[in-house]
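Visitor: I have a structure open and a few things to ask. Can we go through it piece by piece?

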Amino acid sequence: MCFARPFFFILLAVIPVLIAHYWYYNNSNTPEIGVSGSEGFSNTAKTFRQRIRHLPFILRMLTVALIIIILARPQTSFDRNDFKVEGIDMLLAMDISGSMLAEDFKPNRLDASKEVAMNFIDGRPNDRIGLVIFSSEAFMQCPLTIDHTRLKSLFSSVKSGVIADGTAIGDGLGLSVYHIRKSEAISKVVILLTDGINNTGSMDPMTAAEIAKKFGVRVYTIGVGTKGMAPYPFQTNFGIQYQNIEVQIDEDLLRNIAQTTGGEYFRATDKQKLDEIYKQIDKLEKSKIDVTKFTKKKEEYLVFALLAAGFFLLEILLKLTVFKKIP
């Protein structure tokens, strides 16, 4: 509860003055009778009227206090916030080639990348996000959607080996740009993640980058993989055996794609670094949210008015009955 005119509470200062006046008036105007001794009155019980003789004054003070509260206009308020969200359309283009099973990231590059990306999705509830996967070819795994539960379900089902092996970076980027190019969002973004070198596919990666630039699509590129050698699991007749393979990422290409489209290139050498990169991209690509606040106020004087009227009528009733004076 709040008060529209709280300055009226300064009038409460008059109540102690009235109480002091009442106390002084009653003491100075009490009738006196001269008697030789008070022993005869010591066992005299007080009457009902004597016990409640101050009640009319108390009721009057309560009435005055309630009137002051009414003058201060007690109110309750109800707030409503209207949000206008202008989200961003994002497509995650993820490499799922065989090399993404290397275990320099735990448990491997692909699963670590999926986990970090899904955490990123959780932090962007107002954006439409989709998923493109690529290896030797590119496929739309999930179109742009605000249904992030569905998106994450499809993301979870992604695994290496469903497409013939290879790294078609150009095809992955080209397919992403094709699906996001007509978006009317304030910002169109592709986050391309790969651990290799473009070695197959029908579209040159830089051609795809030029097309992205033409349609105003900003591309962030992420190279995943430690520097040097990485343990890779090979299936043999004796079970899985690990061999170290050289990490080869075409960083110049990824950097050029990002620069051409106005994005940035990042290198993730472990899962923690990858998580930091997604957080950095999250800061770079903020959705626009306008908040309009409405406040509805309701006058709450009725309860106080009824109480004041009740106290006032009770005071009058007592004066006309119990405290009635005969002229």
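This is a predicted model: local features need pLDDT of at least 70, side-chain atom pairs count only at pLDDT 80 or more; totals for chains, interfaces and linings use all residues.

Guide: Residues are numbered from 1 along each chain as its sequence is written, and side-chain values use heavy atoms, with hydrogens and water left out.

Visitor: C2 and C142, then: buried or exposed?

Guide: C142 is buried, at 3% relative accessibility, while C2 is partly exposed, at 27%. Buried means under 20% relative accessible area, exposed over 50%, and partly exposed in between (1.4 Å probe, protein chains only).

Visitor: Switching to rings. How many aromatic pairs?

Guide: Six. Rings of Phe, Tyr and Trp (its six-membered ring) pair if their centres lie within 6.5 Å; planes under 30 degrees apart count as stacked, over 60 as edge-to-face and the rest as tilted. One of the pairs is Y22 with F57, stacked at 3.8 Å centre to centre with 10° between the planes.

Visitor: Where do Y22 and F57 lie?

Guide: Y22 is in helix α1 (residues 14-28) and F57 in helix α3 (residues 55-71), so the pair ties together parts 35 residues apart in sequence. Helices (H or I, at least four residues) are DSSP runs, numbered from the N terminus. F57 is buried, at 12% relative accessibility.

Visitor: And D147, how far is D127 from it in space?

Guide: The two are 9.6 Å apart, C-alpha to C-alpha, and 20 residues apart in sequence. D147 itself is partly exposed, with a relative accessible area of 38%.

Terms used
Helices (H or I, at least four residues) and strands (E, at least two) are DSSP runs, numbered from the N terminus.
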